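Please look over the sequence and the structure shown here before reading on. The report that follows goes through a few parts of the model in turn.

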Amino acid sequence: MYICKVQGKCVSTIKNEQLKGCSLITMQRLNKSGGPAGEILVAVDTIGCSVGETVLVTRGSGARAVLGADSPADMVVVGIVDTYDCK
């Protein structure tokens with residue numbers, strides 16, 4: 001799982017049937033100090049997060065478990081983070 005900051009919405013008028021009704025967001029992973037780390041990513045938003053929120057994201061088979069085993073999704077938002085502590 002990753003902790004990420006939501007950067008914006010990703011609009012797709014044509015997408016896989018299994019993703020219809022799901023919104024997509026752009027986000028950036030955060031490092032231990034809460035700063036940006038790496039490239040901008042896209043995930044399926046299953047909980048209705050907002051731009052600027054810190055979210056918990058799962059990848060791979062964990063993401064497919066949320067949406068169904070035959071889903072093409074690789075990253076899914078599974079929670080909004082209130083606080084976290086990395087030492």
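## A surface patch

Met1, Val66 and Val78 together make up a nonpolar patch on the surface, with about 280 Å² of accessible area. Such patches take residues with over 30% relative accessible area and no salt bridge, nonpolar side chains being joined within 5 Å, and the areas come from the Shrake-Rupley method with a 1.4 Å probe. A salt bridge here is a side-chain nitrogen of Lys or Arg within 4 Å of a carboxyl oxygen of Asp or Glu.

Valine 66 belongs to helix α1 (residues 61-67), and valine 66 counts as partly exposed because its relative accessibility is 41%, where buried means under 20%, exposed over 50% and partly exposed in between.

## Basis of the model

This is a predicted model, in which local features need pLDDT of at least 70 and side-chain atom pairs count only at pLDDT 80 or more, while totals for chains, interfaces and linings use all residues. Residues are numbered from 1 along each chain as its sequence is written, and side-chain values use heavy atoms, leaving out hydrogens and water.

## The barrel

Five strands form a closed barrel in the order β1-β2-β3-β5-β4, with mixed pairing; strands are DSSP runs of at least two residues, and helices of at least four, and two strands pair if DSSP finds at least two bridges between them. Strand β1 (residues 2-10) runs antiparallel to strand β2 (residues 23-30), and six bridges join them; lysine 9 stands opposite isoleucine 25 in β2.

## A buried threonine

Threonine 54, in strand β4 (residues 54-59), is buried, with a relative accessible area of 14%. Beyond its neighbours within four places in sequence, threonine 54 has contacts (heavy atoms within 4.5 Å) with residues including Ile3, Leu30 and Tyr84.

Technical notes. Buried < 20%, exposed > 50% of the residue type's maximum accessible area, 1.4 Å probe, protein only. Patch = residues over 30% accessible without salt bridge, like charges linked within 9 Å, V, L, I, M, F, W, Y side chains within 5 Å.
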